[in-house]
Amino acid sequence: MPLHRRKFLKQSAIVAAASVAAPRLLSKLSAADAAATTPVASAATGEAVQLVAPFTRPMPSAPTPILPPAGFGVMEGPFQPAWESLVAYKSAPDWFRDAKFGMWAHWGPQCVPEQGDWYAQYMYQENHAVHKFHVEKYGHPSKFGFKDVVNLFKAEKWDPEHLIGLYKKAGAKYFMCMANHHDNFDMFDSTYQPWNSVAIGPKKSLVGGWEKAVREAGLKFAISSHGDRAWSWYQDSQKADTKGPYAGVPYDGQMTKADGKGLWWEGLDPQDYYAQYHPLGNYGWEFEQAGGRRGAPAATTNPPVAKEFSEKFFNRTIDLINKHNPDLLYFDDTILPHYPMSDIGLRIAAYYYNHTLKRNGKVDCVLTGKGLNAQQSQAIVMDIERGGANAIRPEPWQTDTCIGSWHYDIKHLNKHDYKNARDIARMLVDNASKNGNLMLNIPLPGHGQPDADELAIIADFTTWMDRNNAGIYATRPWRVFGEGSSAPAAGNGIGAGRRNGPPPSYTAKDFRFMQKDSNVFAFAMDWPTDGNLVIKSLADGAATGTGKVERVEIIGVAEPLKFIRDANGLNITLPATKAGDYVYGFKISGSGLTV
């Protein structure tokens, strides 16, 4: 006969103790839990012990919904939840086009363990290194799941005013915080998600704290939202170890409100958080498959995402917009959340635009999505994650990237292998030359204070930006984005259109161009060893070389440089001393040079 789980756990612990220290045992289990078992002999006592086969919990019920008031999420205005209506947006506002550079705190409870991206998923994958780390540091996921890690998130060293001051000094014109990640924890005073930072962990609104600091600094305020994927992203939390003393004991992903009696989370429903009240499914949009794009048709989602889950995410997002009025709202989705299997993304877009129009008198906000077609690019702004463009895009766009892992990973500090300030500068000028912006994440530890290497990178980039920002802000693409051996294939410093490609090998023959007023700004990716810089795109008689060059100077240096313009190019004689350490900006003035 099968054993009750409590008896199984007691006996399996005896077995494990004979060779290794057993993990901490579950303290709260449902009396209804039972499973098929296989008898083995205990190494400690010789007594027959039943070890469970893969264990299955009863399917939990959906959490009790928090219903919004009548008319919630509907805003009168010209925008309707259809692409044909949303294309009236046309293009990003000038503040976004002028800004060029933003910074991001991709920060939340997954930063607490300091093990990098997707901790809350990997900890439930038995053969993953993160699972081993989690068991050793916190305990087995059947007892100490990610919901319990969330309660360790205190943000005790977080000083948003100081951090925003650093980011503004580094040249950021907008700042983005994270409202939620795939782990589904809302970091604001969320009306529709009980698992939020006001109720649990920091016991304060992190989004609210960021917003206050950003508005006071005079920057634009952006928010990212990723929580719509929890339905599929947390599926491994339904599973169990297949070997060892906890073989067959399910992780905590399908726990219910009743399981919390007497525990710190009593009164909360884990299904509000994990959303695992469904069978294991196949969700093509969770991974990159066809064509290198994250995303797949709705037909590959099986079983379908429950409507109540989609609507809850809709309510959470509308609540976020109403409370914080972001200037930019970023979705970590191909096109829009749950598109095309649900209309919540289109409804959010229409509401956001109408809300902003009513509040500001104009639609001066930005909504981003990924993998957009031509029509969709007229309605929302293209975001390219950890990639770039290989040509000037007709509409403004943005790259989001990071100096290390998205979530804080202490291994980058230990190895001193963060992306350096030179590569950040190269990404920025490459994007700007192609009508794009750069959104840079500096990952924070759970306590909220950057590490020493991160602070050094910010300081280094600040020095570069102080010298060169006149050639960055409020510029527009020139006749061509650049020249040089890397130009056809270069992305934003990590590969064109690729998520994790290597940086191009730039030389002093590689340039990126922008224009503003009557000036052309040329950025040389390296300093020539012979002291002579040649810009072929400005050669006398070249198709791109129309106009008269009257003055050339290093950005920020008043003294002009000597130059000769001939059929080979604009030949510039450089001073003996380098103007900085990397990515050298030049201001080229004259008449008829700009478009």
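User: Is Asp517 buried or exposed in this model?

Analyst: The model is a predicted one, and the relative accessible area computed for Asp517 is 70%. A residue counts as exposed when that value is over 50%, so the class that applies to Asp517 is exposed.

User: Where is Asp517 found, and what is its phi?

Analyst: Asp517 is found in the loop between strand E12 (511-516) and strand E13 (519-524). Although Asp517 is not a glycine, its phi is positive, at about 55 degrees.

User: Is Ala155 buried or exposed?

Analyst: Ala155 has its place in the loop between H6 and H7, and it takes a positive phi of about 50 degrees without being a glycine. Its relative accessibility is 2%, and because the cut-off for a buried residue is under 20%, Ala155 counts as buried.

User: With which residue does the side chain of Ser142 make a polar contact?

Analyst: Ser142 sits in the loop between helix H5 (129-137) and helix H6 (146-150), where its relative accessible area of 1% makes it buried. Its side chain makes a polar contact, at 2.7 Å, with the side chain of His140.

User: How far apart are the end C-alpha atoms of helix H8?

Analyst: Helix H8 covers residues 206-217, which is 12 residues, and at 1.5 Å a residue it should span 16 Å.

User: Which residue caps the N-terminal end of H8?

Analyst: At the N-terminal end of H8, a side-chain oxygen lies 2.9 Å from the backbone nitrogen of Gly208. The residue that supplies this oxygen, and caps the helix, is Ser205.

User: At what angle do H8 and H11 pack?

Analyst: Helix H11 (307-324) is among the elements that cover the buried residues of H8, and H8 passes H11 in a right-handed crossing. In their contact, Val207, Gly208, Glu211 and Arg215 of H8 meet Leu320, Lys323 and His324 of H11; these residues divide into two nonpolar, two polar and three charged. The axes of the two helices are 11 Å apart, and the packing angle is about 35 degrees.

Conventions
Residues numbered from 1 in each chain as written. Predicted model: local features only at pLDDT ≥ 70, side-chain atom pairs only at ≥ 80, totals over all residues. Heavy atoms only, no water. Helix = DSSP H or I, 4+ residues; strand = E, 2+ residues; numbered from the N terminus. Expected span 1.5 Å × (residues − 1). Contact = heavy atoms within 4.5 Å. Polar contact = N/O pair within 3.5 Å; in protein donor to acceptor, adjacent residues only side chain to side chain. Axes fitted to C-alpha atoms, helices over the stretch in contact; angles between N-to-C directions. Left-handed = near helix turned anticlockwise from the far one by under 90°. Nonpolar A, V, L, I, M, F, W, Y, C, P; charged D, E, K, R; others polar. Buried < 20%, exposed > 50% of the residue type's maximum accessible area, 1.4 Å probe, protein only.
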